[in-house]
Amino acid sequence: MAGLPSHDVPEEVTTDDWTLTVRGSVGRPRRFDADDLAALPTASFTGDFDCEAGWIAKGLSWRGVRVGDLLDMVDPTPASQFALVHAMDGDYACSFRLDRLEDAVLALELDGEPLPTAHGGPARLVQPADADCWESVKWVDTIELTTEPPDDTAREIALGRVE
Ligand SMILES: Nc1nc2c(c(=O)[nH]1)N[C@H]1C(S)=C(S)[C@@H](COP(=O)(O)O)O[C@H]1N2
Ligand SMILES: [Mo]
């Protein structure tokens, strides 16, 4: 698919009955299913994706929901400044400042098709610009808002694979 290399899908990744939970330092934690997300305004962009391991996939068209729109629906507390984006593959999780995460897109489609599981479906975080490859979290199932910078694992797991 559009030049993205395929990596193995870990066996913990299950897409049946998938939901996205947004919780943590928020006033109204929420769980969204695929239909809830499909009913929201869409956000799209086209861009290249490059990995620290040395490959690049050009001209990928992503479409999904702007994370800022999701956050608006859960009433982050005033002290919320960070988030940990969790994936279904074990303890893979990536931390973000909220002001940066707001502009990311939770992609549900790639090149006009439902996002394949091989590339992070049902939902993958993508950033329009200036992101490290491990920040594009595949198989997202939870966004946890925090008041302090959370420890994460994504960079270490990704770089551990490159070496
Ligand atoms: N959940 C999860 N997301 C992840 C990773 C991972 O191991 N688990 N690897 C990251 C890295 S380092 C890269 S380069 C891309 C690879 O995307 P692809 O498998 O679609 O080519 O996914 C990123 N997102
Ligand atoms: Mo990567």
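User: What sits over the ring of Phe49?
Analyst: The charged end of Arg124, 5.0 Å from the ring centre. That term needs CZ of Arg or NZ of Lys within 6 Å of the centre and within 35 degrees of the ring normal. Keep in mind that this is a predicted model: local features need pLDDT of at least 70, side-chain atom pairs 80 or more, while totals for chains, interfaces and linings use all residues. Residues are numbered from 1 along each chain as written, chains are lettered from A and ligands numbered from 1 in written order, and side-chain values use heavy atoms, without hydrogens and water.

User: Is Phe49 buried or exposed?
Analyst: Buried, at 13% relative accessibility. Buried means under 20%, exposed over 50%, partly exposed in between (1.4 Å probe, protein chains only).

User: Switching to the ligand. Where does ligand 1 sit?
Analyst: In the largest pocket. To sit there, more than half of its atoms must lie within 2 Å of the pocket's grid points. A pocket is an open set of points on a 1 Å grid over the protein atoms alone, where a 1.4 Å probe fits, with protein on both sides within 12 Å along at least five of seven lines.

User: Which side chain puts an N or O atom 2.5 Å from an oxygen atom of ligand 1?
Analyst: Lys138. Arg161 has a polar side-chain atom 3.0 Å from a ligand 1 nitrogen. A backbone N or O atom of Pro5 lies 2.7 Å from a ligand 1 oxygen.

Definitions and conventions:
A polar contact is a pair of N or O atoms within 3.5 Å; within protein, one must be able to donate a hydrogen and the other to accept it, and residues adjacent in sequence count only if both atoms are side-chain atoms. On a 1 Å grid over the protein atoms alone, a cavity is a set of points where a 1.4 Å probe fits but cannot get out, and a pocket is an open set with protein on both sides within 12 Å along at least five of seven lines; lining residues have an atom within 4 Å of a point.
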